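Thanks for making the time this morning. I would like to walk you through one model, starting with how its chains meet and then going into the fold of one of them.

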Number of protein chains: 2
Amino acid sequence: MVARVRRLAVFVLSTFTCAASLAAGADRPPLLFGFSAAESATEQALEHRFDAALNPSDLDGWLKNMASGANHVGAPHNKANAELTRDLFQKWGWDAKIEEFYPLYPTLKSHTLELVEPTKFVAALKEPPVEGDATSTRTDGMGPYNVYGADGDVTAELVYVNYGMPDDYKDLARRGIDVKGKIAIARYGVGWRGLKPKLAQMHGAVGCLIYSDPQQDGYGQGDVWPKGGWRPKDGVQRGSVADMPVYPGDPLTPGVGATKDAKRLSIAEAKTILKIPVIPISYADAQPLLAALTGPVAPPHWRGALPITYHLGPGNAKVHMAVNSDWSQKPLYDVIAKIPGAQFPDEWVIRGNHRDGWVFGAEDPLSGHVDMMAEGKAIGQLLKSGWKPKRTLVYASWDGEEPGLLGSTEWAEAHAKELQSKAVLYLNSDGNDRGFLSAGGSHSLQHLVNDVSSGVTDPQTGVSTQARLRAKLQVDGFEKGASDDDKKAAKVAAAGGDLNIDALGSGSDFTPFLQHLGITTLQVGYTGESETEGVYHSNYDSYDHYVRNGDPGFVYGIAEAQTVGHLILRMANADILPMRFGAFAETVAGYVGELHELADGKREKAVALGKLLDEGAFKLAADPKRPVLAPEREPEVPHFNLAPLDNAVDSLKKSTQAYDDAYNKLMAGQAKLTPAQLKELNGDLREMEAALTDPRGLPGRDWFKHLVYAPGLYTGYGVKTLPGVREAIEEKHWDEANQYSVMTAAALMAYCDRLDKATNVLLARH
Amino acid sequence: MVARVRRLAVFVLSTFTCAASLAAGADRPPLLFGFSAAESATEQALEHRFDAALNPSDLDGWLKNMASGANHVGAPHNKANAELTRDLFQKWGWDAKIEEFYPLYPTLKSHTLELVEPTKFVAALKEPPVEGDATSTRTDGMGPYNVYGADGDVTAELVYVNYGMPDDYKDLARRGIDVKGKIAIARYGVGWRGLKPKLAQMHGAVGCLIYSDPQQDGYGQGDVWPKGGWRPKDGVQRGSVADMPVYPGDPLTPGVGATKDAKRLSIAEAKTILKIPVIPISYADAQPLLAALTGPVAPPHWRGALPITYHLGPGNAKVHMAVNSDWSQKPLYDVIAKIPGAQFPDEWVIRGNHRDGWVFGAEDPLSGHVDMMAEGKAIGQLLKSGWKPKRTLVYASWDGEEPGLLGSTEWAEAHAKELQSKAVLYLNSDGNDRGFLSAGGSHSLQHLVNDVSSGVTDPQTGVSTQARLRAKLQVDGFEKGASDDDKKAAKVAAAGGDLNIDALGSGSDFTPFLQHLGITTLQVGYTGESETEGVYHSNYDSYDHYVRNGDPGFVYGIAEAQTVGHLILRMANADILPMRFGAFAETVAGYVGELHELADGKREKAVALGKLLDEGAFKLAADPKRPVLAPEREPEVPHFNLAPLDNAVDSLKKSTQAYDDAYNKLMAGQAKLTPAQLKELNGDLREMEAALTDPRGLPGRDWFKHLVYAPGLYTGYGVKTLPGVREAIEEKHWDEANQYSVMTAAALMAYCDRLDKATNVLLARH
């Protein structure tokens, strides 16, 4: 699993960056953000030794070994990989051990899918061996299934629902079609997988099929594996369909670690388990089903790349599907490796990547996991030379991410209190490929990410990975067909300041840390030039595929280990945590601006719609041969009280400016704080992110506590910023919008208060 | 042939319209634009009698008969149709005769296309019979070919060039690919057919194939014929590839009628004949060729709906193609039918539709031709009841439109002087289908079109066809995915004033009248809800297809005959030609605004590109595995002298306002002009459009004299407004842009002068 962030987005006005950026590669060592001149020299020397210890052939060897067998939860080879990881970290000088949890984890016993009318066709539901892909002949992987769908045996008419997103159901309704009592077939893409069956279920479907359309995911993208890297006709995307936007982790133990004796819900009580069966299928299996459909021709943007006319159904095609699973608990093996901090042992810098894969998982997740191992080995060498981190390092190899962030969530829940009082950073990665830097997370670390990435060399061009990304953003904004967002990002990139990092939704193991515990978080990887999406969650996500199509020579694996390693080392070694806050204020100001636009846009749209309905315009405009009904009338949209947020933004700008000024002044003066001041200041900084959480959590999903970043209830992996307010407006919960405006503003004001406190510590020095 | 105008576009602020629009269907007869209250009642009664004489079964019978045999130039059945048309018009009381011309018209003797490497595949180049399509079994039609391509026999590597438009060649160049010495394969769509081989030839290709991709033109649009109406796998789009943006008509007699003894160019001298062979093919024939290509994967927007990965080539696929034609002259049979005007016999209202088709031509052109016949019959009945038009009516059934507007162009050239001194309108139609009003032409007639269409009932909804179009524009602008243009048009439609008519490019027989002779012109039809595009220029454009997919029941045929008939009758009967000019001023103001934006945009883009090139951004951003080179540096874009145009727009606004005010005042007063004043005024009005022409014509194509509307040199059918200036800026002919700015402004000032003269006649009355 991983929601790949395609690129860094926009922004920031800082003028301090340029110096650091330009200095990279210059004669005298650059001044590293967070370090004095003398410290910078030491830190850079350390990083050079770290870099020298990274070896692509290590990555190659580990990947080949770890991806040589099936790695799903409970697979023997996955357990062996856990033991290997533990043993290696121990060998490298870390205190490493395996921590076990016991979540509910249904595994497939059998499933079947067939067209029973108008002709008979039995779906293969199998991924056969492929020439040149050594592990594709293995049989220890699980068949293609969607974990946490229900068991069931249903026969019903088929309806094509496009991506199966909320707007698609509106389009269907306007064509007089519903899925009540029917089986919905959705294509992968646009929204998160798990929303497709969830929405089908909400609309009354009795079953759901999800297929990979070759337009997005097959020959429409490029040559298919093994000629190229894209999805072959029999390739299937497995994946979780647990309702993770409500809560991730073990469905039976929300909020607490799934230890042996934890109190558990019954399966019936678990809100995140679906009630209808779901089967993921290949485009070879989907084509006969879709070709059999009658009913209206699908709207233009619903049509994929199969050589058929896409119809919506229902009618003609009747389908039988059945799923039967083993609903027992399975053990999880998280590997946790630590090095105690020499100076601030109670300040933890945590870094994780999952280890379980849907089958072999060469790219997802092992390509990121081996980078993390390389960091662990290199840090071990530094240790052996006598160096010690000032802060405690915690490296984690998570199990069970694929079914629902199980390993990370259960560990985070089990250790919540300690983590909230100690963690200064959780840094996550997942699969890693050839391409461009992609970073997201807490905007207080935006400048650090820019500072670090301007010092990491891109293996294909020789400039820094930050400079390459800057060039890419500018070119993307210039090329024909650039979107407004592309143009905006290009303008910011051209301005020369920091590049923006993305806000995080979900899709990997950062979620429990950031959104449940309120820990400062980053997600960092390289992506954008590989063809590994073509084998995502399939039998063909193999070593052979990865070394040809993912990151030949593991050069971006080295770049990733350098980028992450430098981030970790700087967070571990800087006296004052290297954070800058102006970007956060600017970013939140942008989000609040979006809320105003959202509300105004919805209000105007409702009025315009009402006018068209009053005039009967939809009826007049419709083609009687292909009737499209009028949309439903929208309720009037009130004006919301966004003033608390506007005021909070004003305060944020002042408080962040004050902190950044005081911090810069202190660093420019090469002054030092007393140990007590340092402790107090770092304690304040550690707690900044938590200020943005509220114990009441988000509406209807109180596991999610963060009021600035959350996965969308109807976007899944995709982020919703200021989610309490934004989703309330989107979902027409008018009162809730006003209520969360106040709550979110209060969180932002608490953030200001903590930051002002930190600023006072800095100013006390002067 | 017909460049279907998908919808009326934007605009107009008039408040006079509303009265007329709302009055349609009200109790007392509406005040018709151009007529006093008393005249309105008479005119409306006349139109009611006209309407009552229209009979769908006439249309059905004529279409079935006329589409029962092949109708290309020189086909016996096409000649028989000419005779039928002449005879019927004579029977209806018209003075009708056939006028012959003798253009060069190559016909196919043989052609062949085969893949010779890496495997052998021989293209069928045939359209087999289809169940339920009676004429599809006939063999009197010509095989699929592109007329005015060269003969030739070449074997070369294949390169896929997307739509084969200028930007596509830039995309190819950035991938290091050219077509020199190769055969280009382009898909139909985006730009006019003839530009594809022309541009391939300009880039050094030795041959060109044009195929119908199922994405735009086949199963990607809907069920294919005979299940639905869309293009079946063997369907081929024939069509002309003469270089008509240089001049249409007989390639050997530009500017003069191709009479028997006209002076002719040699074939080698004819600028509009290609030098390379071209073959149009089906998607069944195209798929093996495209599937054989290697080379880079085509960019995303280049990929169609065939179940393959689209590659650019060259490499792997080698193709042999040969074309052999009979290069003789063939006779054209234009039918010209007249009714002399009782009051202004030297003021001609001309109306035409072509009669020749690529095979049977049921939709294109006969569906429009039978509507024109229904008008002719109905007018004949009015005549027999004693009515006579004040102005002379001229109805024309054109031959040879498909190969290059031959019949209309030769006739217009042969009678140029008389037409320029007599024609007050040329009104054209072509194929007609179920759907929405689509009108284009001289903006001085925009209000008349709105006035007439607000009085024609839409057969599917019962509101006026203008009201239905207004609803459609509003809905299109509201729906998800609406373009900025859609939104703009919706806003104008919502405002309630006149809907804008389109500017005309080319693609049907209006071109010689509007753009060569400077005659006030309209093109009117219904379109947008049929599936006839799926059989465009193929063996399947049949009666059987049309009555199922074109206009079942011929109800839009009746709407078309009413709309056109009312326009003709009002132009024929109004004492003062019913023209209003404000819309023209507003429209030209918009075009001049676009020129400013075009120049500024190009200037900024050249600067931005230069900066990115200087920084090496394209090199950094490119994927080394799929390299995309930097675009070529653009020359600096100077500031152009558009001031003459800005000044002309100011004058236009004043002059048009003055005329419209004076005209409205006169009509409101129910005052009458003397016969001499009327003659003078109508003479001025008749000459308005000609003021917009310049004898020097457009750069490099002096046959095109109009300085406001022209087909684009690189868009073909697509219009370029203010073409002398716009294309000079686009093509980087900086001096020419300034030169044509002055020339075009002078034409607009001449327009003002003539209009001021007309205004003085009106004012003299008061």
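Please keep in mind throughout that this is a predicted model. Let me begin with the contact between the two chains, to which chain A contributes 34 residues and chain B likewise 34 residues. On the side of chain A that touches chain B, at least two residues each come from α13, from α18 (582-615) and from α19 (617-621), and the helix that gives the most to that side is α13(A), with seven residues.

The crossing in which α13(A) passes α14(A) is left-handed. On the α13(A) side the contact is made by A:Arg470, A:Leu473, A:Gln474, A:Asp476, A:Gly477 and A:Phe478, while α14(A) brings several residues, including A:Asp486, A:Lys487 and A:Lys491 and, among its alanines, A:Ala489 and A:Ala490. Taken together, the residues of this helix contact divide into six nonpolar, two polar and five charged.

Turning now to the sheet of chain A, we have an open sheet of seven strands with mixed pairing, in the order β1-β11-β13-β12-β14-β16-β15. The edges are held by β1 (95-101) and β15 (435-441), each with a single partner strand, so one side of each is left without a neighbour in the sheet. Direction ignored, neighbouring strands of this sheet are turned by 20 degrees against each other on average.

Within that sheet, strand β12 (residues 344-354) and strand β13 (residues 391-398) of chain A pair in the parallel sense over eight bridges, and A:Arg351 stands opposite A:Tyr395 in β13(A).

Finally, two helices of chain A deserve a mention alongside the sheet. Helix α10 (residues 406-414) lies across β1, β11 (332-339), β12 and β13, running at about 60 degrees to β11(A). Helix α17 (residues 555-573) packs on the sheet as well, touching β12, β13, β14 (423-428), β15 and β16 (521-528), and its direction makes about 165 degrees with that of β16(A).

Methods
Residues are numbered from 1 along each chain as its sequence is written. Chains are lettered from A and ligands numbered from 1 in the order in which they are written. This is a predicted model: local features need pLDDT of at least 70, side-chain atom pairs count only at pLDDT 80 or more; totals for chains, interfaces and linings use all residues. A crossing is left-handed if the near helix is turned anticlockwise from the far one by less than a right angle, and right-handed if clockwise. Helices (H or I, at least four residues) and strands (E, at least two) are DSSP runs, numbered from the N terminus. Two residues are in contact if their C-beta atoms, placed from the backbone, lie within 7 Å. Ala, Val, Leu, Ile, Met, Phe, Trp, Tyr, Cys and Pro count as nonpolar, Asp, Glu, Lys and Arg as charged, and the others, Gly among them, as polar. Two strands pair if DSSP finds at least two bridges between them. Axes are lines fitted to C-alpha atoms, for helices over the stretch in contact, and angles run from 0 to 180 degrees between N-to-C directions.
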